[in-house]
Amino acid sequence: MFSKELLAWHDAHARDLPWRGEKAPYKIWISEIMLQQTTTQTVKGYYARFLAAFPTVQALAEAPEQEVLKLWEGLGYYSRARNLHRAAKVIAGDLSGRLPDTVEALKKLPGIGDYTAGAIASMAFDRPELAMDGNLVRVLARLTAEAGCVGEAAVKKRLRAAGAALMDLDRPGDFNQAMMGLGRLVCLPGQPKCGACPVAAHCAARERGLQRELPLMPPKIEKKTERRGVALVFSGGRVLARRRPDSGLLAGLWEFPNFQDARDAASLIECLGELGVTARGGKRLGAASHVFTHLVWKMEGFAFTADALPENGDLRAVDAAGLDALPMPTAMRAFRDMANKMLKLNK
Ligand code: SF4
C-alpha cells in the first residue's frame with residue numbers, strides 16, 4: 001500500500017533535524033515559515049537563535065519589530081518575519097496564546113497560506129490535511145502522470161484530491177514530511193532517481209516513461225533588472241543609513257541611500273540633496289548585485305563626505321557599532337562591509 005511503503009522509507013531515511021518530530025505548534029510554525037524558499041542547512045542556525053530569543057509566542061509578540069528583523073537578517077523574504085510578528089500579536093492578544101488547530105482558522109493569520117496551514121494542522125494537530133509545497137506538487141503530478149500545467153487551479157485541485165486519497169490518516173504530518181523528503185531526495189526536478197524510489201511501483205509517469213517530462217510548469221517570469229547607485233555618506237566617524245518604507249520590497253529594513261538609474265556621483269549628489277544631504281566627493285567603490293524573486297539589482301557604490309548628516313525617524317547617522325546593530329538586507333552586505341572598513345580606517 002502506497003502510504004505504508006512511503007512511511008517505511010521515511011522512517012528509515014528521515015534526517016535528524018532540530019524540528020523533526022516536534023509537536024509544539026509554535027516551533028512547527030517557526031520552522032515551516034523559515035523553510036519556505038530556504039535550505040534546511042541555512043535554517044538550522046536561524047531556528048535555534050530565533051527560539052532562544054523568542055521561546056514563546058508571547059515573547060515574540062512583545063519583541064520590537066526591529067529585533068525580529070535583526071534576527072532574520074540574511075534569511076531573505078523579510079515579509080515572512082514581519083508576518084510572523086504580526087500573527088504572534090494576534091495569537092497572544094486574541095487567541096490566549098494558542099495557535100488555532102484548523103486550516104481555516106490558521107489561514108486567517110498573517111503570512112499563513114494553504115501550505116503552512118496544512119503543515120501546522122497535520123504536524124501539530126494530526127489533522128488529515130495536505131501541505132502542498134513544490135515537492136508535493138511535483139511528486140503527485142508524476143505519480144498520477146498529470147498532463148495539465150501545474151500552475152492551473154483545476155490541475156492543483158486534481159493533485160490535491162490525489163494526495164488526499166493517498167494520505168495515511170494515522171500519520172498525516174509524517175505523510176506530508178515523507179512526500180516532501182521524497183521530492184527533495186529522490187523525485188528530483190530534472191533527474192528523478194526512479195531506481196531508488198520507494199513508491200516506483202505506484203508511479204504512472206514512470207510506467208509511461210514520462211518522469212522527465214513532468215510536471216508541466218508554467219512559463220518562467222523574466223526578471224526585471226534595475227541599475228541603482230548606492231551612496232555611502234560619511235561625516236565625523238559616522239555613515240548615513242536610511243530605513244525603507246513599511247510596505248513593499250525589504251519593508252522596514254535599513255540600507256544606504258540608493259537610487260534607481262543614478263549611475264554616477266553627480267546624479268547621486270543630486271538625489272542626496274533631496275534628502276537634505278549636501279554631499280561632496282563621489283569615489284567609486286565597486287559593484288554588487290542581488291537577485292530577488294522577480295527583480296535583479298545591479299548596484300554601484302560611491303563614497304561621499306558631508307559636513308553634517310540629517311537625523312530623523314528614517315535617516316540615521318551611525319558609527320560602526322550602530323551600523324552592525326541595524327537590520328540590513330543581504331543586498332546591502334557588500335556595501336556594509338565597505339562602510340565598516342572605511343569607518344574603522346578613519347577612527
Ligand atoms: S518513480 Fe520516479 S518519477 Fe515516480 S515518484 Fe518515484 S522518483 Fe518520482
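Strand pairing and the ligand shell

User: Which residue in β6 is the bridge partner of Phe234?
Analyst: This is a predicted model, in which local features need pLDDT of at least 70 and side-chain atom pairs count only at pLDDT 80 or more, while totals for chains, interfaces and linings use all residues. Residues are numbered from 1 along each chain as its sequence is written. Strands (E, at least two residues) and helices (H or I, at least four) are DSSP runs numbered from the N terminus. In β6, Phe234 has as its bridge partner Thr305.

User: How many bridges join β1 to β6?
Analyst: Two strands pair if DSSP finds at least two bridges between them. Strand β1 covers residues 224-235 and β6 residues 295-306, and the two run parallel. The number of bridges joining them is eleven.

User: In which sense do β1 and β4 pair?
Analyst: Strand β4 spans residues 258-260, and Arg228 has its bridge partner in β4 at Gln260. Over three bridges, the pairing of β1 with β4 is antiparallel.

User: Which residue in the turn of the β1 and β2 hairpin has a positive phi?
Analyst: β2 (residues 238-243) pairs with β1 in the antiparallel sense over two bridges, and Ser235 stands opposite Arg238. Two residues lie between the strands of this hairpin. The turn residue with a positive phi, about 55°, is Gly236.

User: Which helix supplies the largest share of the shell around the ligand?
Analyst: The ligand is surrounded by 15 residues (C-beta atom, placed from the backbone, within 6 Å), with Cys187 and Gln211 among the closest. Both α9 (134-143) and α12 (204-208) supply at least two shell residues. The largest share, three residues, comes from α9.
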